[in-house]
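Subject: Structure handover and notes

Dear colleague,

I am passing on the structure below, and after it you will find my notes on what came out of the analysis. Please read them with the coordinates open beside you.

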Amino acid sequence: MTDIHIHRNHKLGMAEARKVAYRWAEQAEQGLQMACTYKEGAARDEVRFNRAGAHGTLEVTPDAFELNAKLGFLLGVFKGRIESEIVKNLDALLAAPAGAAAKNQAVKKPAAKKSAKRT
C-alpha cells in the first residue's frame, strides 16, 4: 500500500473548519465516488472515506486539517496525481472567502444524507 499524508494549518476555528470538511467530503463523494462518514467530536472531527483501492481519514481541528490515506496497488501507481488533486482541492476550499463557507451553512453531513420521498 502507498501512503498519502497532507497537513494544512488554518485559522478558521472549529465551526468554519467543519464547514470546509463537509464540503470536502461532498466533493470526495461526488467526484471520487468515495463513501464518507463524518463524526463530530469535542476537540476534533473525523471524516472517514473509502472506495475500492483507497481509504483514509481527514482529521479536523480548530487549527489544522490532517489527511492520511492508503492507496492500493493499482491506485498507488497514480500517487503523485492523486495527491496533487487532493492538495489542490483542499487548498482551494481553505482559500475560499469565509463568506463562501458561510453561504453553505445548510451543508449536510455526508453520512446523514437521506433520500427524498417521491409521491
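Does Gln33 count as buried or exposed? At 54% relative accessibility, Gln33 counts as exposed, where buried means under 20% relative accessible area, exposed over 50%, and partly exposed in between, with a 1.4 Å probe and protein chains only. Gln33 lies in the loop between α1 and β2, and it has a positive phi of about 55° although it is not a glycine.

Before the rest, the conventions. This is a predicted model, in which local features need pLDDT of at least 70 and side-chain atom pairs count only at pLDDT 80 or more, while totals for chains, interfaces and linings use all residues. Residues are numbered from 1 along each chain as its sequence is written, and side-chain values use heavy atoms, with hydrogens and water left out. Helices (H or I, at least four residues) and strands (E, at least two) are DSSP runs, numbered from the N terminus.

On the core: the largest nonpolar core has 25 residues, and those with the most contacts inside it are Trp24, Val47, Leu58, Val60, Phe65 and Leu67; such a core is a set of buried Ala, Val, Leu, Ile, Met, Phe, Trp, Tyr and Cys residues joined through side-chain atoms within 4.5 Å. At least two residues of this core are supplied by each of β1 (2-9), α1 (13-32), β2 (35-39), β3 (45-51), β4 (54-61), β5 (64-71) and α3 (79-95), and the largest share, 8 residues, comes from α1. If its neighbours within four places in sequence are left aside, Val60 is in contact (heavy atoms within 4.5 Å) with Met14, Ala17, Arg18, Ala21, Tyr38, Arg44, Asp45 and Phe65.

On the helix pair: the axes of α1 and α3 come within 10 Å and cross at roughly 145°, the axes being lines fitted to C-alpha atoms, for helices over the stretch in contact, and the angles running from 0 to 180 degrees between N-to-C directions. In this contact Val20, Arg23, Trp24 and Gln27 in α1 meet Asn89, Leu90, Leu93 and Leu94 in α3. These residues divide into 5 nonpolar, 2 polar and 1 charged, where Ala, Val, Leu, Ile, Met, Phe, Trp, Tyr, Cys and Pro count as nonpolar, Asp, Glu, Lys and Arg as charged, and the others, Gly among them, as polar.

On the charged pairs: the structure holds 10 salt bridges, each a side-chain nitrogen of Lys or Arg within 4 Å of a carboxyl oxygen of Asp or Glu. One of them joins the side chains of Asp3 and Lys70 (2.9 Å, N to O); Asp3 lies in strand β1 and Lys70 in strand β5, so the pair ties together parts that are 67 residues apart in sequence. Asp3, at 42% relative accessibility, counts as partly exposed, and Lys70 counts as partly exposed at 34%.

Within helix α1, Glu26 forms a salt bridge with Arg23, the closest N and O atoms being 3.5 Å apart; both lie in that helix, 3 residues apart, about one turn. Glu26 counts as buried at 13% relative accessibility, whereas Arg23 counts as partly exposed at 33%.

Finally, the side chains of Arg44 and Glu46 meet in a salt bridge (3.7 Å, N to O), and salt bridges that share partners join Arg44, Glu46, Arg48 and Glu59 into one network. Glu46 is buried, with a relative accessible area of 17%, while Arg44 counts as partly exposed at 36% relative accessibility.

With best regards
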